Amino acid sequence: MQSQLATARLNGLLITSPASWFYLTGFTGEAGALLISRRGTALITDGRFVAQARQETSGIRIVQQVGALASSAGQFLKNEKLARIGFDASRVTVSQLSALRKSSGSRTRWIATAGHVEALRGRKEAGELAHMRKVAALADKVMLGAIKLLKPGIRELEVAAEIEYQMRQLGASGPAYETIVASGKRSAYPHARATGKRLRKNELVVLDLGAILAHYCSDITRTVVVGRAPEKIRKWHKAVQAAQWAAIDAVQAGVSCGEVDAAARKVLAGHGLEKYFVHSTGHGLGLEVHEEPRVAKGQQQILEAGNVVTIEPGVYVPGVGGIRIEDDVAVHAGRTEVLTRIPRDLIEI
């Protein structure tokens, strides 16, 4: 981090992302601000987390805030006489920045910057990849169990509740995001929330779930038909499956994220379905379920060894239903590794 500060001509960097301060220090508290400077590292947090911070971290200064967090952080910077402080504009609100500026004084310049810690987090080390293999395997088990639950009459909310219960039974600290169970015409909504709707015979059901284990996230989607699928649905599923394989094959160190996205879109275009693919092909995965890099149209960012991304093409036809297949893929030098391993074929139950 010190070399990055020097390159950016910053005296310090204020980090307000819990995932990033955990990555750098091991602190798991919910509130705080981490300041990295050439003089050292300080964590500012409130009285609820001071003892916890001292236990979980090593070699950093713990400062108990007085009053609001932003005001305390600004006052600390004023006392330290640090002039150029970087902050992530996507993580700091307008009101927080105003308080920081007011309390830090006129000598401190606030420089909008982003990506310093995220770039480090994007390249997973061996220990992190080991955690991600375990949480992917956990997600596989939960998905297989969820599929067995599906039958006419069961409510989407019941399935979602059982999914999240099974995660915790298997050791997860919780879901990585709100579990998606979308049936019938609602499966055409890419981020549909589970409702009280009951599953019906011969309906599509999209199951999208992710767990957190040892702080790392998984993300997997499968599409199921409760009954028998008509030929049209079979063709759509085969097209999405082929698009996913094309994108996975394109995932390599040195390839741009836009090229991976284009590989999926090309297959769907060949089936006349590209207009029904309404989101990006994937996203980075790690301590957060959505992080860098973005696997999206036109993205020039180059994949590197250590990246873990989701590959999740889909087809969503309003009034009919949707199909999505999603897996987690790790990038290695010279090869890739699909972390989620359950079958991707159309499931009829």
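**Close-up 1. The largest cavity and the residues around it.** In this predicted model, 15 residues line the largest cavity, and those nearest its centre are Leu14, Ile15, Asp88, Val117 and Glu118. The volume of this cavity comes to about 130 Å³. Where does the lining come from? Strand E1 (12-15) and helix H6 (116-122) each give at least two residues to the lining of the largest cavity. Sorted by class, the lining of the largest cavity has six nonpolar, six polar and three charged residues. If you go looking for cavities of 30 Å³ or more, the structure holds one. As for how such spaces are found, rolling a probe the size of a water molecule over the atoms shows where empty space is left.

**Close-up 2. The largest pocket.** Here we turn to the largest pocket, with a volume of about 310 Å³. Its lining takes in 19 residues, and Ile180, Pro190, His191, Asp208 and His290 are the ones nearest the centre. How many residues of the lining of the largest pocket are charged? Seven are charged, next to six nonpolar and six polar ones. Two of the names to keep in mind are Ile180 and Asp208: Ile180 stands opposite Asp208 in E9, and both lie among the residues nearest the centre of the largest pocket.

**Close-up 3. Strand E9 and its covered residues.** Strand E9 spans residues 203-209, and seven of its seven residues are buried. Which residues point which way from E9? Glu203, Val205, Leu207 and Leu209 point one way, while Leu204, Val206 and Asp208 point the other way. Whichever way they point, all of these residues are buried. This is a pattern you can look for elsewhere too, since in a regular strand the side chains alternate between the two faces of the sheet.

Close-up 4. Strand E8 (residues 180-183) runs antiparallel to E9 and is joined to E9 by four bridges. Along this pair, Ala182 stands opposite Val206 in E9. E9 is also joined to strand E12 (residues 220-226), again antiparallel, by seven bridges. On that side, Val205 has Val224 in E12 as its bridge partner.

**Close-up 5. A three-strand sheet.** Another open sheet has three strands in the order E7-E10-E11, with antiparallel pairing. Strand E7 (174-175) and strand E11 (216-217) are the edge strands, and each pairs on one side only. Between E7 and strand E10 (residues 211-213) there are two bridges, in the antiparallel sense. What is the bridge partner of Pro175 in E10? It is Ala211.

**Close-up 6. Helix H10 and its surroundings.** Helix H10 (residues 257-270) has 14 residues and reaches 21 Å from its first C-alpha to its last, close to the 20 Å expected at 1.5 Å a residue. Its buried residues are Cys257, Gly258, Val260, Asp261, Ala263, Ala264, Arg265 and Leu268. What covers them? The cover includes helix H9 (231-250), strand E14 (291-295), strand E15 (308-311) and strand E16 (314-317).

Definitions and conventions. Residues are numbered from 1 along each chain as its sequence is written. This is a predicted model: local features need pLDDT of at least 70, side-chain atom pairs count only at pLDDT 80 or more; totals for chains, interfaces and linings use all residues. Side-chain values use heavy atoms; hydrogens and water are left out. On a 1 Å grid over the protein atoms alone, a cavity is a set of points where a 1.4 Å probe fits but cannot get out, and a pocket is an open set with protein on both sides within 12 Å along at least five of seven lines; lining residues have an atom within 4 Å of a point. Grid points are joined across faces, edges and corners, and a volume is the space filled by probe spheres set on the points. Ala, Val, Leu, Ile, Met, Phe, Trp, Tyr, Cys and Pro count as nonpolar, Asp, Glu, Lys and Arg as charged, and the others, Gly among them, as polar. Buried means under 20% relative accessible area, exposed over 50%, partly exposed in between (1.4 Å probe, protein chains only). Two strands pair if DSSP finds at least two bridges between them. The expected span of a helix is 1.5 Å times one less than its number of residues. Contact means heavy atoms within 4.5 Å.
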